[in-house]
Amino acid sequence: MGNLSDSSIKEIKKIAEKYPTTESALLPALYIAQREKGWLAKETMDDIADVLELPKVRVYGVATFYTMYYKKPMGKYVIQVCTNVSCMITGGEEIYEHLIKVFGIKSGETTGDGLFSLLEVECLGNCGNAPVMQINEDFYENLTIKVVDEIIAKLKK
Ligand code: FES
């Protein structure tokens with residue numbers, strides 16, 4: 001133990017108390033750990049396994065299954081662009097291609113200055129307001145390339 005902060009460990013334990021098995025607290029525990037560290041290193045996942053008294057392979061397996069958990073360091077801003085059907089037909093793909101050009105990176109990569117990571121993702125569950133993207137915890141809807149450029153410019157400041 002020692003990778004996760006005491007406050008994160010406390011928070012994970014508190015959540016685990018609410019469930020009949022500690023396994024049920026695994027997803028929120030991974031979220032809490034990622035919120036603190038920015039991504040899930042092996043040592044971080046080991047800490048979660050210790051706190052929840054779960055086999056380490058179980059924690060690695062769940063973290064690997066879900067794309068929302070990052071297994072490598074990410075940029076300060078993680079931009080997830082949806083290119084699934086509703087977003088695709090309303091310009092999501094153009095926005096994704098535009099960001100590839102703007103940043104010079106592909107999905108899963110991070111800009112050299114460590115500011116932006118780009119992810120092409122499946123449905124973000126906000127199809128009625130397509131095209132959409134998510135930056136860290138924030139959603140941006142009914143996007144155009146112009147609006148995307150404005151958002152990126154603000155984040156760069
Ligand atoms: S298809 Fe993009 S949010 Fe559902």
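Select Asn142 first: this residue sits in the loop between β4 and α7 (145–156). The model is a predicted one, and its backbone at Asn142 has a positive phi of about 45 degrees, although the residue is not a glycine. Is Asn142 buried or exposed, or does it fall in between? It is partly exposed, because 13 other C-beta atoms lie within 10 Å, and a residue counts as buried at 20 or more and as exposed at 12 or fewer.

With 13 other C-beta atoms within 10 Å, Asn136 is partly exposed.

Now select Ala130 and Pro131 together and display the backbone atoms. The peptide bond leading from Ala130 to Pro131 is cis, its omega being near 0 degrees. Pro131 belongs to the loop between β2 and β3 (133–135).

**The whole chain**

Zoom out before continuing. The chain contains 7 helices and 4 strands, and their order from the N terminus is α-α-α-α-β-α-α-β-β-β-α. Along the principal axes, the C-alpha atoms fill a box of roughly 50 × 35 × 25 Å. Of the 157 residues, 26% count as buried. Where contacts link residues at least 6 apart in sequence, 60% of them join residues at least 24 apart.

Select Met133 and show its surroundings. Setting aside residues up to four places away in sequence, Met133 touches Ile79, Gln80, Val81, Cys82, Ile95, Tyr140 and Leu143.

As general background, nonpolar side chains in soluble globular proteins tend to be buried together.

**Glu120 in β2**

Stay on strand β2 and select Glu120, which lies within it. Beyond its neighbours within four places in sequence, Glu120 is in contact with Val81, Thr83, Tyr96 and Ser107. Draw a C-alpha to C-alpha distance from Glu120 to Thr83: the two are 37 residues apart in sequence and 6.7 Å apart in space.

**The helix pairs**

Two packed helices are described by the angle between their axes and the distance between the axes.

Select α2 (residues 26–37) with α3. Their axes come within 10 Å and cross at roughly 140 degrees, so α2 is oblique to α3. The crossing is right-handed. On the α2 side the contact is made by Leu26, Ala29, Leu30, Ala33 and Lys37, and on the α3 side by Thr44, Ile48 and Leu52. Sorted by class, the contact of α2 with α3 has 6 nonpolar, 1 polar and 1 charged residues.

The axes of α3 and α4 are 9 Å apart, and the packing angle is about 125 degrees, so α3 is oblique to α4. The crossing of α3 past α4 is right-handed. Show the side chains of Met45, Asp46, Ile48 and Ala49 in α3, which meet Lys56, Val59, Tyr60 and Ala63 in α4. By class, the contact of α3 with α4 has 6 nonpolar, no polar and 2 charged residues.

**Last stop: Pro73**

Finally, select Pro73, in the loop between α4 (56–65) and β1 (77–82). Pro73 counts as exposed, because it has 12 C-beta neighbours inside 10 Å. Apart from neighbours within four places in sequence, Pro73 is in contact with Gly38 and Trp39. How many residues separate Pro73 and Gly114 in sequence? They are 41 residues apart in sequence and 9.2 Å apart in space, C-alpha to C-alpha.

Notes
Residues numbered from 1 in each chain as written. Predicted model: local features only at pLDDT ≥ 70, side-chain atom pairs only at ≥ 80, totals over all residues. Helix = DSSP H or I, 4+ residues; strand = E, 2+ residues; numbered from the N terminus. Contact = placed C-beta atoms within 7 Å. Axes fitted to C-alpha atoms, helices over the stretch in contact; angles between N-to-C directions. Parallel < 35°, antiparallel > 145°, perpendicular 65-115°, else oblique. Left-handed = near helix turned anticlockwise from the far one by under 90°. Nonpolar A, V, L, I, M, F, W, Y, C, P; charged D, E, K, R; others polar.
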